[in-house]
Amino acid sequence: MRTWLVRRLIVPSAVLFLTAAGGFSVFGGNILAGEPVAKTESLAETLPLSSIRDDLTDADRLRVEAVTRPATDFSKAEKFEAMSGGAGTSIASVNQDILSQFSANITFAEEESFKLGNALFRKLWVSSPSSTQASDGLGPLYNARACQTCHLKDGRGHPPEDSDDATSMFLRLARAPKTDAERAAIAAHEVLNFPDPVYGQQLQDSAVPGLPAEGHMRISYVEMPVTLAGEEIVSLRKPSYSVDKPGYGPLDPTTTLSPRVTQVMSGLGLIEAIHPADIIANADPDDADGDGISGKLPVVRDPQSGTLALGRFGWKAQSATVRQQAADALAGDIGISSPDARRSHGDCTPAQTACMAMPDGVQLRLGDTEAPDPVLGLITFYSENLAVPARRKASFAETLAGKKVFYNTGCASCHVPKFVTRRDAANKAHAFQLIWPYSDFLLHDMGEGLADGQPVGVASGSEWRTPPLWGIGLTKTVSGHTFFLHDGRARNLTEAILWHGGEAAKARDRFAALEKADRQALITFLESL
């Protein structure tokens, strides 16, 4: 029997456990009680995934279920609640760099990999040919020259405000299937959707010398007043999007425009380490329990293994792994090929002949792609190990009051507070950690108001992955703004809540009907995350 040694660390409202093997571990889990119901068993038949926690002993499972039951006592903080990212939580000083810290429980040797990955994340790529051969390959069409350009300080992107700066926001371009063959490809998870025949998968607003850019995103807003309880009026801004000065002729009339702001980078490795059973357990695509909340599994095909997997990353959960997300961003946003996305001309299409004729940056002495391993591997490691910051004021009375409102209004139905990561995670730093992401990582219909009309894989034009909320209260500190939702239309958290529709309409309406003090308490709770 393993002997457990307990040692209290000086961290806010948390106790970590030091194992006899010398590693830190935090106990936790998801809100899964008992055996999976029949619907999850049928889902598991179509996925090469276990619908039970096959990484845990029976004793572990009982401990996990006990520690992760939904909160019922709002008079005090829960155990470990301040440690949002488990033992890897950063307790660094809160400043603009708080989201750029490495996980506290990685090894000293891994710190070197993290720092090398950070340097590559910040690396500015240049067009080919160039004297800096290891940096060749930009574009030819692109949105940014570095990962850090879009993910500034590893924080949240924003729409252009009073300028044309759309660096951390772009337009996805896609259309629905038109033929039986295309519909079959979607159903088999062979493709997510179909790009514009000329402009590809996203609008590139920059280009290397000698090429025109594809165009520029234009946004116009219409203000819509909403009256809350107590006659308080909040104005929501409804956006519409267009492409200004398209450089390659008109877009296909069936092409949809979907705006996307960049998401926070914290805790990605921990999200990947959540056991599929814990995500499957919360899915209810047919609303069998009648609560109005469905939750659909974001099934995708892993491009490396070819097997079906759960999408976990991206606004519509289109990527199964952090590595895939990094490779797709390198290719799509910067135009850099890697072993997992061998597109040296990025998002150029065959219709863009001048773009396809441009030289690429492949240096055979370094590898057969522009970002060969270890480049992609280091960027992935950096992305996987950005620490989740510790909670602020988790035990304060006003925070606890807001937490109670969060539960009572139904927010926790989709923004599931906590999970425990799998014991057999690839990186020991991510294994068996109690984490508090506040997401179920499922697809939900958010109503017509937030619909972009663009299907992505199994996600419809009105469905979005529940975004994690950890770190949301640090947006102003890190990113200098308070714009939220997939397109940054919400100028504060109140507006973000009021835009919720579809499955979240009941929770939104409960929020709108609250007394002003209770609404503020909920915002205070969110700002503590």
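The model is predicted: local features need pLDDT of at least 70, side-chain atom pairs count only at pLDDT 80 or more, and totals for chains, interfaces and linings use all residues. Residues are numbered from 1 along each chain as its sequence is written, and side-chain values use heavy atoms, with hydrogens and water left out. Helices (H or I, at least four residues) and strands (E, at least two) are DSSP runs, numbered from the N terminus.

**Cysteines**

- One disulfide, defined as a pair of cysteine sulfur atoms within 2.5 Å, is found in a search of the whole structure.
- The disulfide is formed by Cys348 and Cys355, with 1.7 Å between their sulfur atoms.
- Cys348 is buried at a relative accessible area of 11%, and Cys355 is buried at 1%; buried means under 20% relative accessible area, exposed over 50%, and partly exposed in between, with a 1.4 Å probe and protein chains only.
- Cys147 takes part in no disulfide, since the nearest cysteine sulfur, that of Cys150, lies 8.3 Å away. Cys147 is itself buried, with a relative accessible area of 13%.
- For Cys411, the closest cysteine sulfur belongs to Cys414 and is 9.1 Å away, which is too far for a bond. Cys411 is buried as well, its relative accessible area being 18%.

**Contact of α3 with α10**

- The axes of α3 (residues 108–122) and α10 (residues 375–384) come within 7 Å and cross at roughly 105 degrees. Axes are lines fitted to C-alpha atoms, for helices over the stretch in contact, and angles run from 0 to 180 degrees between N-to-C directions.
- The two helices, α3 and α10, are therefore roughly perpendicular to each other; angles of 65 to 115 degrees count as such, those under 35 as roughly parallel, those over 145 as roughly antiparallel, and the rest as oblique.
- Contact (heavy atoms within 4.5 Å) involves residues of α3 including Glu110, Phe114 and Phe121, and residues of α10 including Val375, Phe381 and Tyr382.
- The residues of this contact of α3 with α10 comprise nine nonpolar, four polar and one charged. Ala, Val, Leu, Ile, Met, Phe, Trp, Tyr, Cys and Pro count as nonpolar, Asp, Glu, Lys and Arg as charged, and the others, Gly among them, as polar.

- Buried in α15 are Arg519, Ala521, Leu522, Ile523, Phe525, Leu526 and Ser528.
- The cover over these buried residues of α15 includes α11 (397–408), α13 (493–498) and α14 (505–513).
- The axes of α11 and α15 come within 7 Å and cross at roughly 105 degrees, so α11 and α15 are roughly perpendicular to each other.
- Among the residues that meet are Glu398, Lys403 and Phe406 in α11 and Asp518, Leu522 and Phe525 in α15.
- The residues of the contact of α11 with α15 divide into seven nonpolar, four polar and three charged.

**Backbone features**

- Ser128 and Pro129 are joined by a cis peptide bond with omega about -5 degrees; Pro129 is in the loop between α3 and β4 (141–142).
- Gly139 and Pro140 are also joined by a cis peptide bond, with omega about 10 degrees, and Pro140 lies in the loop between α3 and β4.
- Asp154 is not a glycine, yet its phi is positive, near 65 degrees. Asp154 belongs to the loop between α4 (147–150) and β5 (169–174) and is buried, with a relative accessible area of 0%.
- Phe441, likewise not a glycine, has a positive phi of about 60 degrees. Phe441 sits in the loop between β13 (434–435) and β14 (443–445) and is buried, with a relative accessible area of 1%.

**Leu171**

- Leu171 is placed in strand β5 and counts as buried at 1% relative accessibility.
- Not counting residues up to four places away in sequence, Leu171 touches residues including Leu203, Met217, Tyr241, Val243 and Leu257.
- Leu171 and Pro303 are 132 residues apart in sequence, and their C-alpha atoms are 23 Å apart in space.
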